[in-house]
Amino acid sequence: MKPEHIVILISAVVIVLLKLVVIPIVHPTDFNHQLAAELGNNVLSEDMDKFLIAWARAEGASPDCHNPFNTTQEMPGAVVINSVGVKCYGTEEQGIEATITTLSYNYPGYAEIREGIKNNDVSIAFNGLENSPWGTQASLVAEVYNEVATSLPAVDSTASPSVR
C-alpha cells in the first residue's frame with residue numbers, strides 16, 4: 001500500500017472514531033466569532049454560537065485542521081484528509097477564509113446559512129443547513145444542538161426542526 005493511501009485510510013478511521021464518541025468543543029468559539037464577523041455579525045449571540053458548536057461537533061472535525069465544518073474548499077497548502085475531499089488548513093485564518101468562500105457559493109441553503117449567522121437566527125441557519133448539500137445531516141446537528149443547549153427549547157430532530 002502506498003504511503004499516501006495509508007494517510008487517507010488513517011484519516012478516515014480517525015474521523016469515523018471521532019463521530020462515534022462524545023466530542024468536546026471542537027474548536028474555540030473564537031472561530032465562530034470571527035466567522036460571524038466576516039459575515040457581518042459583530043455580536044454573535046449565545047444561541048448562534050451553540051448552533052455553530054453543535055454543527056462542528058456533528059462534523060467531527062479535527063481541531064488541528066482549522067476546519068470545524070469540514071469544508072472541501074481548495075486553499076494554498078491545504079491537505080486532503082479523506083475520500084470526500086475535506087481539507088486540513090494550516091491556520092485558523094485560512095480555515096475561516098475557506099468556510100466563508102464555501103458559504104458564498106450559490107448552493108441551496110447556503111444563503112440561509114449566511115443570513116442566519118449574520119442575524120443570529122438559528123432557525124434560518126438550521127433550515128439552510130437542512131436544505132443544503134452539506135455532507136452532515138441536519139438532524140444530527142439538531143441532536144447535538146439539543147445536548148449543547150439544554151436550556152433552550154428542543155429541536156425535533158426527525159422533522160424540519162426550528163428553534164423557537
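Q: What makes the contact between the side chains of E46 and K50 a salt bridge?
A: In this predicted model, the side chains of E46 and K50 come to 2.9 Å, N to O. A salt bridge needs a side-chain nitrogen of Lys or Arg within 4 Å of a carboxyl oxygen of Asp or Glu, and therefore the pair E46 and K50, at 2.9 Å, is called one.

Q: Why are E46 and K50 separated by about one helical turn?
A: Both residues belong to helix α3, and because they are four residues apart there, about one helical turn lies between them.

Q: How do you know whether K50 is buried or exposed?
A: The relative accessible area of K50 is 14%, and since buried means under 20%, K50 is called buried.

Q: What makes E74 and K87 a salt bridge, and which parts does the pair tie together?
A: The distance from N to O is 3.4 Å, which is within 4 Å, so the pair meets the rule. E74 lies in the loop between α3 and β1 while K87 lies in strand β2, so the pair ties together parts 13 residues apart in sequence.

Q: Why is the link of C65 and C88 called a disulfide?
A: The S to S distance is 2.3 Å, and because a disulfide requires cysteine sulfur atoms within 2.5 Å, the link of C65 and C88 qualifies. C65 sits in the loop between α3 (46-59) and β1 (79-80) and C88 in strand β2 (residues 87-88), so parts 23 residues apart in sequence are tied together.

Methods:
Residues are numbered from 1 along each chain as its sequence is written. This is a predicted model: local features need pLDDT of at least 70, side-chain atom pairs count only at pLDDT 80 or more; totals for chains, interfaces and linings use all residues. Side-chain values use heavy atoms; hydrogens and water are left out. Helices (H or I, at least four residues) and strands (E, at least two) are DSSP runs, numbered from the N terminus. Buried means under 20% relative accessible area, exposed over 50%, partly exposed in between (1.4 Å probe, protein chains only).
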